[in-house]
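Hello,

The structure we talked about is below. My notes follow it.

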Amino acid sequence: MVNNASILRWAVYGILTELFHNIVVRNVRRFAKSEAQAAAQFKLRQPARSEIAVVTGSTGGIGSCIARLLAFKGYDVVLCARDENAANRIMADIRLALKDSLVDGPIEPPSVYFVEYHADDERSALQVASRVKEISIETNSKLSVLVNNAGIMGHSKQATIKVNLLGPVFLTFALLAHLEESERAVVVNVGSSAHLRATGVVEDLGDPSGPSVSWVDALPTTADEDLSTYAKSKLAIMQFSMLLRHWLPTRTHVHVVDAHPGLVWTPLLRNHIGDKAVGTLTKTGLAKLLYKTPNEGAQAIVAAVDDVPSDTEPSKREQVYYENGMAGGHASTESRSIDQSKELWKTVIAPEVSSVDLPPGWGQQNGL
Ligand SMILES: NC(=O)c1ccc[n+]([C@@H]2O[C@H](COP(=O)([O-])OP(=O)(O)OC[C@H]3O[C@@H](n4cnc5c(N)ncnc54)[C@H](OP(=O)(O)O)[C@@H]3O)[C@@H](O)[C@H]2O)c1
């Protein structure tokens, strides 16, 4: 549900807070940072670290920059998206930049791969997992990072839930066994402050219209013009993170965090506001003032990867929500409601999961 109170909290803790960050905090930081410091993020100072990072939506604005930043941190990076031509351009660019940046002598740069990925298709997640296994053998590396970044906004309501929620669900389960092989692993679910607009996912999307139609298949295929389903999809992904924190076996060294990139000038945002507004914002210079660059958005996500402790048990219960690259962002109470999360599992997710393996004992101790 979206109501006046939730719109108000989103306006205050989402839009206004982000604009303040982008206009004031970001520019002060830019001013304080020397050019050399800014360039340091793209200097390769270590050889490949024998760890793999899978980044979905890495042909897009923020995702391609996340992939690049992680490659410069020494991860073998797997780009997952649909557009192979775009991926080839991005891979060539990252490889060239890695080669050009070797600062401390001849070291072997990390590898960059592309695997075709359709977030709305469970089989595609399994194909990604099987290719990641091959890459792991080829590079003698272990999967330690999954960034569920692929997302859509303003498309059909049904597609929005499929891509933004079911995509991360399928891929996380498909890759879980690989992540568990690492001593320290992290799943970053890319969220949005838009989740503050939604007070629930299941309650007002309607019931299935018949016994043979799943809840998701019963969703309208009309456009999500007011972005209310986008808001719900971002609340839903945070609730899925809660389920992982509660239900993954305690021996699992997989940390699960949510991260919001901020307001970022990318195709997702530009397509929504339309050509006329894009033209005005660009011409007046307001786009640069109001919005982060894709690289700044990516830094906010990669900070969550860096922050994960290397030698402790993951916190199993507490929500970890990054905003502007710092833990402790303003997340809604609904996003950490275990009761709503269980309802989401039962009504929305469970009927869609058929091929990927669920972790042993998943949800059983909770009577589901
Ligand atoms: N931009 C913002 O201000 C903002 C704010 C808050 C949160 N976010 C979140 O940040 C994430 C990245 O957004 P962005 O702004 O970088 O968007 P973007 O530039 O539109 O990129 C979206 C990416 O998702 C991929 N994708 C879309 N549909 C897919 C599907 N069915 N299967 C697989 N991949 C698919 C696209 O690649 P292909 O077309 O090649 O598949 C593309 O790489 C999203 O989750 C978004 O909700 C963005």
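The protein has eleven helices and eight strands; these are DSSP runs numbered from the N terminus, with helices being H or I over at least four residues and strands being E over at least two. This is a predicted model, so local features need pLDDT of at least 70 and side-chain atom pairs count only at pLDDT 80 or more, while totals for chains, interfaces and linings use all residues. Residues are numbered from 1 along each chain as its sequence is written.

Overall form: the radius of gyration is 20 Å, which agrees with the value near 21 Å that a compact globule of 368 residues would have. That radius is taken over C-alpha atoms, and the globule rule is 2.2 Å times the number of residues to the power 0.38. Along the principal axes, the C-alpha atoms fill a box of roughly 65 × 50 × 40 Å.

Of the 368 residues, 46% are buried (20 or more other C-beta atoms within 10 Å of a residue's own; exposed is 12 or fewer, partly exposed is in between, and C-beta atoms are placed from the backbone). Among contacts with a separation of 6 or more, 82% join residues 24 or more positions apart; a contact means C-beta atoms, placed from the backbone, within 7 Å.

Two backbone angles to look at: most residues other than glycine have a negative phi. Asn 140, in the loop between helix 5 (122–139) and strand 4 (142–148), has a positive phi of about 55 degrees. Asn 140 is exposed, with 9 other C-beta atoms within 10 Å. Leu 227 has a positive phi of about 60 degrees and lies in the loop between strand 5 (185–190) and helix 7 (228–247). Leu 227 is partly exposed, with 19 C-beta neighbours inside 10 Å.

Regards

How values were computed:
Two residues are in contact if their C-beta atoms, placed from the backbone, lie within 7 Å.
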